[in-house]
Amino acid sequence: MAIKILTEHINVPGIETFEVYRKQGGYSAVEKVIKTMTPEEVVEEAKKSGIRGRGGAGFPMGMKWGFLAKPEGVPRYLVCNADESEPGTFKDHHLMKCIPHLLIEGMIVSSFALGANKSFIYVRGELMYVIRILEKAIEEAKANGFLGKNILGSGYDLELVVQPGGGAYICGEETALLESLEGKRGNPRNKPPFPAVKGLYQSPTVVNNVESISNMPWVINNGGDAYAAIGIGRSTGTKLISASGHIQKPGVYEIELGVSVDEFLNSDEYCGGVRKGHYLKALVAGGSSVPILPAHLITKTAAGEDRLMSYESLSDGGFATGTMLGSGGFIVFDETACIVRNTWNFSRFYHHESCGQCSPCREGTGWMEKVLHRIEHGHGSMHDIDLLVDVAKKIEGNTICPLGDAAAWPVASAIRHFRDEFEWHITNPHEASQPGAVFMGAVLA
Amino acid sequence: MEEVKPQLIKITFDGIEVEVEPGTTIMQAARKIAEADESQGHLVPPAMCYYKPLPTSGGKCRACLVRVAAGSAKDPRPMPKLVPSCITQVQEGMIVENTTNPAVLDTRKSIVEFLLINHPLDCPVCDQAGECHLQDFSFEHGSAKTRYEEDRRTFDKIDIGPFVQLHMTRCILCYRCVYTADQITNKRVHGVMNRGDASEISTYIEKAIDNDFSGNVIDVCPVGALTDKTYRFKSRVWFSKPVDAHCDCDKCSGKVTLWYRGDEVIRVTARKNMWGEVNEFICNTCRFERKKTSDWTIEGPTKVKRSSVISANKYPKDLIAKPDFALKLAATQFKPIDDDRDYTTDAETVRHQSIENNDKANHRSLLTDNRK
């Protein structure tokens, strides 16, 4: 049985209540940290664990904590990014809904490590019922002395605030999140200064993903070295993967990093394979913003090695033949899926969610969506394909925040790997624009 | 006590070394080069959203992206992405490539394209034509043709207050007016609504902007989105004559530029420096109500760059005295137009081509209609 860090007790009845969670060993990390450790030791454990940010970028969390500026007399903040809204990613939602106290416990431990006396959980506005669950959990923790003034008699105070977002994808970008949290329009800030120096209310701030923070209680209880022993290479620990699409068993799975993609996709323990009678066509491994991969590059890398579910292995081959682990939104397409339609759909999402602050993203996302709409509906021409590639290239890397890159990668990669399908849409406009029409050229070849 | 001067930082910008104070941005360093030697003016990165008198502006339009080939003397690694020169501070030993780097110029060309895809190109009827930053920017860095075939976004014109009209269709969302309203007026009433390419500058429920300095949003607007209602359609800028003048004003400095057509003051604006930035913001009374010569003390003609269209027809003697002036100007100022279409001078072919293009356009609009 594979090791479970986050979801070990997730199926225990009543785990969302304080009593049951406490009975399963919950809040022992808070006791250990507050009574026996200094903040520096907690940061050291986080560094040792090698845990990488689970929100998508994969930046080592301990290192991020180490960057936090600590000027005298200025408050520091910890903000938990629960604004998960990438198409195909729904792991944080699952975690907060089922086992809210795990996040609360992680927040207490992490806030203590960073010396924050007020911490925020920024939850996307659509998840109102999750916000109520979290608020109830915070009340329970407060009533039992794990939150509020003078936690466990140590003199350490922590106030935890749950803030509903307005439902904008862009507010998942850390500086836009901070702007939104301050009550302003959620526009990403120019960096530098980074939030670790000037973040929320111009004070040093750390922004971490729900899943990253939820790993902290286990790291404290078992030690950073034990965490680092799980996983493979620099991808340590476990990762929640939200599997969706044409598979037998969609859902949220906790995997040890380093499981092969083949095993994850086909074993009965996880996805259970592509749905019956169909076969794999393409796969998005880490949420809609990472490059899409065709079937022949999914289980084997271009060099012929087994592809593993880890940060390094998935990005093997760069963007030419690889992808990214991202936030773990595992979307599977079988041969009935139309890649052009899907790319248009992703593109429509980024067009809708662009904040409109910097020109390449504001104008470019809309342009790409319109051209893809044209191709999908049978009005495209051959030079539109090159136009899309060029526009995607001009957006990528030239924007304030990574949303521009996230909008450009799916389009660029879909054309890179499925150019024949785009061409078929253009040369057979009437056929291709029928509902449910799918290019079968790849099958015959 | 002697004042301690801060250690100057030396950077290399397009192969030219310049010494600037710590905390200076790359853009300001480049402007320093051009201010010292006017022939280097073309090296300065263009600024569509950055506006020096408005702190925290900049970083949005991405027109001024440059490549940093070496971050500093201590850490000479190049920066991985192009950086916005208007907000990136210089480091000792930094090497910046602007016009010497083809990737930067290529990106700049695409920024023009992005800014223009939703811009109406109604310059012939736009009040800003002739003093429009977007016109200059697209002339210097853009391409003569467009690859954009879809409909452009359009908005209705809105009156914000008695003096200012907002024509959102022309807006390039530089946020300058938002910063102006935020920073120089005490009651901010306008901002950005909606997001993505649907964002618009607006006031809440079309509330009027009503304060003494609201007129400055017209001066900071790089395009013709915010226009002066007392001046709309009165004249083209190149038919009017700018004159520096001042008055005693209890609200502002009173230093303005008057724009004459004949004997009539048709417009009053703040004075601008060589980068098109306002020196001192002026109040609405000066701008909209003092439109008689007797209200002002005239200082003399405003200096206008020879290359500016505003100077056209104003220096006939110069042109007569120096017949090679125009040729010199043409040799230094004109750039080859970037257009890879075939040129034909044969009248018959031109006629055929235009018929063909019309047919294509009609065909496309039919398709669009069918889609709806």
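Guide: P192(A) is situated in the loop between α8 (174–181) and β4 (205–209) of chain A, where helices (H or I, at least four residues) and strands (E, at least two) are DSSP runs, numbered from the N terminus. This is a predicted model, in which local features need pLDDT of at least 70, side-chain atom pairs count only at pLDDT 80 or more, and totals for chains, interfaces and linings use all residues. Residues are numbered from 1 along each chain as its sequence is written, while chains are lettered from A and ligands numbered from 1 in the order in which they are written.

Visitor: Which residue does a cis peptide bond join to P192(A), with omega of about -5 degrees?

Guide: Most peptide bonds are trans. Here K191(A) is joined to P192(A) by a cis bond with omega about -5 degrees. A cis bond also links P192(A) to P193(A), with omega about 0 degrees, and P193(A) is found in the loop between α8 and β4 of chain A.

Visitor: What is the phi of Y201(A)?

Guide: Most residues other than glycine have a negative phi. Y201(A), not a glycine, has a positive phi of about 50 degrees; its place is in the loop between α8 and β4 of chain A.

Visitor: Why does Y201(A) count as exposed?

Guide: A residue is buried if 20 or more other C-beta atoms, placed from the backbone, lie within 10 Å of its own, exposed if 12 or fewer, and partly exposed in between. Y201(A) counts as exposed because it has 12 C-beta neighbours inside 10 Å.
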